[in-house]
Each structure stands twice: as structure tokens, then as C-alpha cells.
Amino acid sequence: MDAPSYMLTKIAEKDDLAVYELFFGPNHPGMHGNFGYVLEMIGTEIVKVRPNAGQLHRGFEKLMEQKLWVQNIALVPRICVVDPDPNEVAYCTAIEKIMGIEIPDRAKFIRTITLEMSRLTSFLMGMGALGAALGLYTPMYIMTADRDLILDLFEWLTGGRIYHIFNIPGGVRNDLPEGWVDRLNKVLDHLEKRLIEYDKILFENPIVHKRLKGLGYVSKEDAVRFGLTGPNLRASGNPYDVRVDDPYAAYAYLDVKVIIQEGGDALTRAVQVRIEFEETIKLIRQALKLMPEGEVRLNLGNLAMLKVPKGEAYAKVESSKGEFGYYVVSDGGMKPYRVAVRGPSLPAGLLLAQKHLPKMKIDDVAAWMGSLAICPPDIDK
Amino acid sequence: MKLSKEEIIDLLKQRGLEVNDLYPTQISVIVNKENLINHLVYLKSIGFDHLSFINAVDFIDEGEFELVYHVWSYTNKVHVLNKVRIDRNDPKIPTIVDLWEQAQFYEQEVHEFFGIVFEGNKDLSPLFLENWLDIPPLRKDFDTREFSIRLFDAKPNGGDR
Amino acid sequence: MTSRWDVERFGIGPMATPRQADVLLVTGYVSLKTLKRIIRTYEQMPEPKWVLAFGSCTVNGGIYWDSYNTITNLAEYIPVDITVSGCMPRPEAVMDALQTLMKMIQSGEAGAYKKYKENYEYYKANQDRVLRKTYPILGEKLIQNEEAATSIE
Amino acid sequence: MIEILRVFLFGFFAIFIGLFFMGIGRKIIARIQLRLGPPFYQAFLDVGKLFSRKSITHNFVMDLGMVMSLAGLVATMLFVPIAGHTAIKTSSNLIVIMYLMAIGYLGMAMAVAASGNPNATIGVSRALTMMLGYEVPFFTVMLGLIIINGTSSLELIANSQAGSILNWNMIKFPLGFIAAEIALQAMMGEKPFDAMIAPAEIASGPMVELSGKYLGLAFLTHAVSIFVETAIIVNLFMGGASNIFTFVLKQFEIYLITVIIEAVFPRFKIEQAVKFLWTVPMSIALLQLVLIVF
């Protein structure tokens with residue numbers, strides 16, 4: 001049996017300090033998901049980083065060309081496990097754009113509510129993972145417990161806890177079961193009460209501040225130039241949000257408050273996620289109030305035989321990690337001709353790694369990744 | 001200086017580009033390979049500073065690849081799909097890494113899945129696939145079912161193990 | 001692991017390295033790159049060790065059965081003791097699987113790691129066929145790069 | 001002969017109580033995290049299972065190092081008075097304890113560094129720097145107590161606090177107690193000072209290559225270290241009880257404080273930890289020293 005996997009290989013003899021290779025690799029407790037960096041280090045300082053992506057590559061774009069339009073809706077949420085709904089909505093919006101149809105208002109509102117709920121679950125998972133990367137496991141368990149309450153609501157509404165397969169071209173599959181809305185209100189009140197505890201244990205924790213201050217600073221211009229999107233962009237002071245700039249679903253009827261902070265380091269990003277969590281709860285309440293009556297989907301006949309007319313469209317959705325984009329090209333057939341997926345974590349995971357990691361110490365890598373909410377599956381797709 | 005979509009369309013038309021208006025916030029522009037770079041530089045100058053995505057579409061029956069550069073402007077709130085057609089047999093196109101640094105990874109990905117060579121890109125090493133000897137997988141003439149059945153002897157209906 | 005379905009009640013907890021672990025939980029699909037790491041992790045674990053395959057992607061490829069980058073059956077590459085079916089199996093199913101595995105261990109049934117040692121050639125052959133490809137699979141098509149033998153590093 | 005038996009008895013007693021504390025500690029942390037948590041005898045099950053497994057060794061140094069770490073800590077334990085009687089009586093066992101405590105960690109460091117895993121070497125360098133960090137304030141506090149009691153024998157210090165709770169050192173020298181408490185947190189490697197066993201950064205640091213029996217030995221070492229460190233604090237500050245039962249109870253109170261702190265704090269980076277240890281508890285200890293001397 002040869003030596004253990006992380007061999008102590010001397011790469012370059014740099015002023016007699018041997019640069020050794022350390023796999024911050026795929027199965028590492030600090031790594032979120034199946035992704036890895038090959039770090040060349042001197043002592044505990046990183047000198048060079050090579051991302052080692054591809055463990056999660058399942059060839060979605062190829063698989064989608066083999067399946068019918070409706071079958072892809074089961075495939076699409078599996079791209080990002082933590083935040084599945086934006087994929088479905090983006091895919092369906094792209095198809096609706098090509099077909100030039102307008103989904104009924106009630107369906108728009110239901111879509112918005114499920115999107116925002118999925119955003120809540122993703123924020124809860126993100127904040128918990130950030131705490132765990134710093135060694136604080138208590139909030140992770142408390143937040144996952146609260147996340148289960150939302151997953152129960154999803155299970156009641158769509159039948160699935162994680163993958164909901166709930167949106168279809170032309171609207172949503174079924175209407176809200178009665179009694180579901182007031183249970184949702186109860187869960188939202190519970191979460192709002194919980195926020196005070198999250199603040200005390202995670203966001204007002206002096207050691208969290210000391211650990212995250214100044215880590216991974218991204219300036220206002222760099223954030224735009226590098227293509228960062230979502231909370232990472234707004235934490236550096238850019239007031240851009242897809243829900244406001246290019247509204248889809250029911251966001252045109254709601255007033256979405258864009259929160260920005262000047263700071264751009266890991267701590268500001270964590271606080272940004274925390275404030276947006278609160279904002280999302282208010283948004284869901286607003287949507288619940290304004291939701292009209294009416295049917296929930298257009299009748300497009302037998303969806304399995306759906307034929308999307310020839311054309312192309314790029315649909316963008318604001319997921320909890322950033323802009324999820326679907327570029328759908330159709331040649332009028334039963335199957336999509338080409339579907340390309342733009343994941344929000346690619347600029348953060350691959351490009352910022354080259355910029356930030358080389359001067360960083362090994363103990364900040366997990367915290368740096370947690371603050372940027374890098375979700376490896378949407379890099380590899 | 002916020003430009004409306006119509007102004008942008010006129011500006012591009014003056015530059016002799018074929019523009020069609022797809023959706024309320026989306027327009028697509030046909031560009032040819034030679035003036036792709038200065039077209040993107042021009043776009044960047046009038047406010048299109050967010051390169052959201054580069055991807056390719058394989059039109060096998062027309063024998064061409066179509067590269068689509070998705071660019072979004074935060075100020076004008078317009079999304080432009082710049083489409084470039086290149087010949088399928090020797091797919092070469094200049095790189096735009098010096099315009100946007102994240103293009104490096106998008107180009108690496110497109111190179112790996114389509115075999116399109118980006119001249120000037122220093123590192124086109126494979127990003128996701130390892131030890132890949134077949135033709136780039138996202139091309140239309142690559143059959144993934146056949147590959148999966150041969151290599152992993154996958155059974156179409158899940159089969160009994 | 002979450003607080004509602006606390007696995008630690010049965011004394012089960014995540015360990016940082018394969019050295020300290022007894023059970024290898026393979027969750028979901030396995031792509032080629034992951035397979036190489038799974039094999040290395042499996043071989044690093046001390047005896048006696050068990051494998052719990054999680055989700056239908058490890059049984060028959062699941063929803064990615066026709067993908068060019070994911071294997072369809074994990075049992076051909078490392079011996080699997082117990083599999084949990086379902087695409088994203090429910091937490092209760094995982095708890096039940098872990099407990100049945102504990103019962104199987106107590107009763108001595110779960111000994112798949114012995115199988116790995118006995119017919120090591122069978123497993124190695126499968127692993128090499130998939131990881132150490134030396135010729136393009138869809139042969140007659142034009143191949144991009146000619147150098148033939150590539151070894152797994 | 002009786003002497004040797006007595007020493008063995010102390011050793012097993014320390015391991016038993018240490019593992020017992022670890023089991024209850026995990027249950028308390030679980031309850032804080034809204035979980036049910038493992039049964040309290042979980043630590044015994046773990047150690048039993050670990051010793052039944054095959055373990056992979058890299059070289060002889062690793063075996064020697066692990067045994068040395070456990071032996072070092074048990075040796076320290078022998079000099080600590082437990083409820084009045086100590087295994088080996090010496091006049092100034094405080095100095096001996098201070099010296100022997102380092103042996104345990106050096107043994108672990110030697111074993112783990114031999115395993116050639118970069119994560120382990122980083123973990124070991126962190127463990128030793130942390131040791132540097134907490135020993136400075138801890139010894140200043142000890143110095144203070146030695147000066148005030150005029151002796152460095154733990155028994156005499158413990159007996160000097162007999163009688164009512166009022167003349168416990170904890171009450172007479174509260175500052176010293178707080179400084180010792182923070183240093184204890186680091187000594188036991190609990191958060192926020194557990195940079196050496198940081199799973200998220202260096203895959204559980206020194207314990208990366210320990211499998212099977214070695215991990216069992218590491219578990220026992222940690223159990224004995226819990227017992228020894230809490231025993232020292234009880235003798236120094238809470239007047240070492242008359243019978244075993246109250247002694248163990250007092251130990252559990254101290255351990256309870258560390259567990260609760262552990263559940264609520266993330267971990268420092270190693271340089272932040274040492275900077276913190278050399279500023280906050282150090283200044284309290286110095287203040288205490290000044291108060292004592294004048």
C-alpha cells in the first residue's frame with residue numbers, strides 16, 4: 001500500500017523552503033460539496049492554487065438534449081441541491097419566452113413564493129455552513145432544524161422535500177392546498193423569532209467577527225468586472241438585483257428592497273445574507289397578501305407532446321447564490337436543441353480562488369468558501 | 001447615461017450590424033469573427049460591463065458552431081446575445097480574456113465540450129473531464145447513450161442488476 | 001445528522017478522514033473523477049469496513065444512467081454492503097439503512113470487504129476499464145488527441 | 001506491590017472518569033444543539049470499537065509516540081492529589097506536574113509527525129504553539145498561589161483551603177480563577193482554542209493518520225487529560241474535597257463550564273489564539289500576582 005494520498009511531494013526548491021502539495025480535496029470536511037483545490041503551500045501559507053473541478057460533472061447540457069421538454073423539469077433542479085427552484089423557474093420562463101405565452105397571475109405569485117421559500121432554505125444552509133467552517137456547529141444544527149420546517153411545507157405542496165418539480169411551462173402544477181398558507185405564516189413568524197438567536201450566536205459573536213474581518217475583500221468595481229452576482233455583488237456595494245432589473249414571475253407587482261453594504265469582505269457578505277433572509281420573509285408575506293384568485297396554469301394540451309416553436313431565449317433568475325441563467329435554443333422539435341446553464345458560483349469558485357487564495361493561510365480557506373456561498377455543482381453542471 | 005433599448009438598437013444598426021429585438025429586455029446581434037473583439041469593446045464602453053456567460057451551439061447540419069456571448073448592462077437594463085458563427089471543421093476564434101478575466105474559464109469549458117480553440121488563451125487544459133479520448137462530448141455527433149452503454153454497460157430502462 | 005433525525009443517537013458521526021472511519025457513505029451519483037477518489041478512500045480505510053450506497057444513482061445510474069461521466073453501478077468497482085434506493089432518499093430510509101447495517105454487522109453478515117480482497121482482480125479490472133481508458137470508446141469517430149496510454153496519476 | 005496496584009487503580013479511575021465526562025459532555029452539547037445526542041456511555045463504546053479494529057501504522061516512531069503520550073499524562077495524574085491521597089507523595093508536586101504535562105503532548109507530536117501527512121504536521125505545529133500560549137498565563141497563576149501559600153505542594157495548598165467555602169482560593173483570588181479557567185479551555189483543546197484539531201481546516205489535525213487502536217489511544221489520552229486538568233483546578237481553587245465523590249462532582253462542574261463555552265464559540269486562528277492567551281488571561285494573572293505580592 002503506497003503512502004497516503006496527500007504525498008509530501010517537493011514541487012520547486014524555492015530558497016530551500018520545500019513547496020509541498022496539499023489536496024484541499026474532494027472529501028475534506030471543510031469543503032462544501034464535491035470539489036477540490038490543489039494547494040501548493042509553504043508551511044501553512046498557500047502559494048499557488050489549482051481548482052480541481054469535475055467531480056460533480058454529469059453532463060446536464062448533453063442529457064437535456066436527449067429528453068423531452070417536460071422530462072427536463074425533473075432533471076433541472078438537480079443542478080444545485082441547496083437551491084433547486086430557481087433552475088425550474090428559469091427553465092420554464094425561457095420556454096414561455098420562446099412560446100410567447102404569459103402565465104396567469106396566480107401562477108406568477110405561487111412561483112414567487114416557492115422561489116423565496118427555496119431562497120430561505122438556501123440561506124439557512126449557507127449561514128450554517130459558514131458557522132461550521134469556523135468551528136461553530138451549534139447554529140448549523142439549529143438552522144437545519146428550522147430548514148426542515150420549510151421542507152415540510154414543500155413536501156405538502158409539491159410532494160418532494162428537496163426536488164419539487166413543481167413548475168411547468170405555462171404555470172405551476174397544482175394550487176396551494178388549503179391550510180397551507182396559514183401554516184406558512186406560522187413558520188415565517190417562527191423564523192423571525194429565531195433570527196434573534198441566530199444574531200446572538202453567529203452574527204454578534206466576537207470571534208466570528210475577528211475571523212471574518214477583512215477576509216477575501218472584493219472591491220465594488222472588481223465585483224462587477226469578475227462577474228460576481230447576487231449577495232456577493234451587493235455586499236460590495238453594487239445595487240443590482242435581477243428581481244428588480246429584469247423582473248420575472250410576480251416581482252413586477254412586489255417592491256423588492258435592494259440591500260447593499262459597503263464592505264466587500266467575508267463578514268459583510270455574511271451579514272448581507274442575514275439581512276436578505278429577513279427581507280425575503282417580508283417579501284413572502286407581501287406576496288401572500290397580494291396573491292389574486294384564478295387558475296394556476298395555462299392549458300397547453302398534453303405537455304408530453306409539447307412542441308416549442310423555433311427560437312432562442314435567455315432567462316435569468318435571482319437565486320440565493322446569484323444569477324442563474326438558462327439559454328434555451330429550440331428547433332421546433334419535441335426535444336430542446338440546446339440548453340446552456342449559467343451557474344452563479346463559477347466566477348467566485350474559480351476566478352476569485354486565483355485572486356484570493358495565494359496569499360491566504362490554510363485555516364481561512366473553508367471560511368472564505370463559506371462566505372462566498374460557492375455551490376460546486378453549478379460550476380461543473 | 002442610461003440608454004433605452006431602442007437607442008441601443010439604432011446605435012448597433014449604425015455600426016452595420018444585424019440586430020433583432022427578441023424580448024422586452026433582450027436583443028440579439030449577429031457579429032462576424034473578425035470584428036468580435038472591437039464590437040465587445042464598444043459594447044463595454046456604452047455600459048455593458050457584465051459578461052454573464054459564453055456558450056456554444058453546434059448546428060451540425062449547417063456545419064457551423066455558433067458562439068453566443070451573453071452581455072448584460074446594469075445601467076441600461078438590456079441583455080445582448082452576441083452570436084458569432086464559425087466553421088465546424090477548424091473552429092478558431094480570438095480569446096476575450098483581456099476584456100473579462102472570467103472568460104478564461106468559460107472558454108476552457110467551451111473548448112473542452114466543443115473543441116473550439118480560443119487563440120490567445122494561455123491555458124485551455126481540460127477543466128472537468130479527465131483522461132478523455134473521445135470527441136468533445138457536447139458535439140451533436142457524440143452519442144452519450146451509446147457511450148454509457150459501452151463503457152458502463154448501462155441498461156436503458158435501469159435494467160435488473 | 002440534522003437535529004430532527006439525529007444520527008448521533010446511535011453513535012454515528014462524520015469523521016474527518018478515511019483512517020478514522022468504519023462506514024463509507026457514498027451519497028448519490030459517482031462521476032469518473034469521484035470514482036478514483038472513492039477507490040483511494042476505500043483502500044485507505046482500515047479493516048473491517050463497510051460501504052453504504054445511497055440513492056438510486058449508485059444502484060443503476062438513476063436519472064443520469066445515460067450520462068457519459070457517471071458510472072451506473074457502484075457495486076462493480078467496490079463491494080457494497082447495503083444500498084438505499086430513492087432519488088434523494090428520505091432521511092427515514094437512511095436511518096433505517098444505517099440501523100440494518102448495524103444489525104448485519106452484529107450478526108456477522110456484512111463482510112463485503114472480504115470480497116474485495118478475494119476477487120481483487122475482478123474489481124481492479126473493472127476499475128481499470130473505466131479509469132485507465134487507452135482507446136476512445138466510440139472508436140471509429142475521429143479522436144482528438146492521439147497519445148494512447150494514459151495512467152491514472 | 002501494593003504501591004503498584006494503587007498506581008494502576010488511579011490510572012484506570014482517571015480513564016473511567018475521563019471517558020464518563022466525555023460522554024456526558026457530548027450529550028450536553030447535543031442538547032444545546034436541539035439534538036438528542038448519544039447515550040452517556042458512548043465514549044466507552046467508541047473506545048471499545050476502536051480497539052477491536054485493525055490499525056495502520058507507518059513506522060515504529062508512531063507506535064512509540066502514542067504510548068508515550070498516554071504514559072506521560074497518566075504519570076502527571078499520579079502526582080495530583082485526589083481527595084486527600086496521592087499516588088506518589090512528593091513535597092513539591094506542582095513543579096513536577098507542570099513539567100510532566102508537556103511530556104504527554106510531545107509524545108503525541110512525535111507520533112503524528114512521523115506519519116508524514118502534511119495536515120498532521122500543521123496540526124502538530126499548532127498544538128505546540130497553543131501549548132506555548134496557555135502555559136504562560138497558567139504558570140503565572142500557579143506562581144501567585146505558590147507565593148501566597150509559601151509551598152509548591154498541591155496537598156498543602158488544597159488543605160489550606162479546608163473549612164468553609166469562604167476561604168476557597170476561588171473566592172479569595174477570583175482573578176486568578178478566571179485566568180486559570182481560560183487557560184484550562186486551551187489546555188483541553190476545546191473551542192475557541194481548538195485550532196489543532198480543526199476538522200474544517202486541516203482534517204482533524206494530528207489525528208489524521210490515526211486509525212483503529214491509535215485513535216483509541218488518542219481518545220484515552222484526551223480522557224486522562226480532562227481528568228488531570230480538572231483535578232489540578234479543583235485542588236488549586238476549590239480546596240480538594242475530603243471524599244472521592246465530592247471531588248468528582250467539583251471536577252464535573254469545571255468540565256461543565258468548558259463544555260458550555262465550547263458549544264457556543266467558533267475557533268480562533270492559531271496566531272489569534274496565542275495573541276489572545278498572552279494578552280487577556282496573562283494580564284489578569286499579572287494583576288492577581290501584583291495583588292498577592294503587595
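Mentor: Chain B and chain D are joined by no contact, and their closest C-alpha atoms lie 25 Å apart. Two residues are in contact if their C-beta atoms, placed from the backbone, lie within 7 Å.

Trainee: What kind of model is it, and how are things numbered?

Mentor: This is a predicted model, where local features need pLDDT of at least 70, side-chain atom pairs count only at pLDDT 80 or more, and totals for chains, interfaces and linings use all residues. Residues are numbered from 1 along each chain as its sequence is written, while chains are lettered from A and ligands numbered from 1 in the order in which they are written.

Trainee: Which pair of chains has the most contacts?

Mentor: Chains A and D, among the five pairs of chains that touch. There, 30 residues of chain A are in contact with 28 residues of chain D. On the chain A side, strand S2 (17–24), helix H4 (105–134), helix H5 (138–158) and helix H7 (206–212) each supply at least two residues. Helices (H or I, at least four residues) and strands (E, at least two) are DSSP runs, numbered from the N terminus.

Trainee: What classes of residue are on that side of chain A?

Mentor: The side of chain A that touches chain D has 20 nonpolar, seven polar and three charged residues. Ala, Val, Leu, Ile, Met, Phe, Trp, Tyr, Cys and Pro count as nonpolar, Asp, Glu, Lys and Arg as charged, and the others, Gly among them, as polar.

Trainee: And how many residues of chain C touch chain B?

Mentor: 25 residues of chain C are in contact with 23 residues of chain B. Helix H1 (32–44) and helix H2 (57–60) of chain C each give at least two residues to that side. By class, it has twelve nonpolar, nine polar and four charged residues.

Trainee: Now chain D. Is helix H8 mostly buried or exposed?

Mentor: Eleven of the 14 residues of H8(D) are buried, so the helix is largely enclosed by the rest of the structure. A residue is buried if 20 or more other C-beta atoms lie within 10 Å of its own, exposed if 12 or fewer, and partly exposed in between, with C-beta atoms placed from the backbone. Among the buried ones are Phe177(D), Ile182(D) and Met187(D).

Trainee: What covers them?

Mentor: The cover includes helix H5 (118–149), helix H7 (169–172), helix H10 (213–237), helix H11 (244–264) and helix H12 (270–293) of chain D. Just after H8(D), Gly189(D) takes a positive phi of about 70 degrees.

Trainee: Which annotation falls on residues 168–187 of chain D?

Mentor: An unreviewed UniProt entry marks them as "transmembrane region", one of several such spans in chain D. Over residues 168–187 the chain is 90% helix and 0% strand, with end C-alpha atoms 23 Å apart.

Trainee: Last one: how many residues of strand S7 in chain A are buried?

Mentor: Eight of the nine residues of S7(A) (residues 311–319) are buried. S7(A) pairs with strand S8 (residues 322–330) of chain A in the antiparallel sense over nine bridges; strands pair if DSSP finds at least two bridges between them. A hairpin through two residues joins S7(A) to S8(A), and the bridge partner of Gly311(A) is Ser330(A).

Conventions: UniProt positions are given in the numbering used here, feature names are shortened, and annotations may be inferred rather than shown by experiment.
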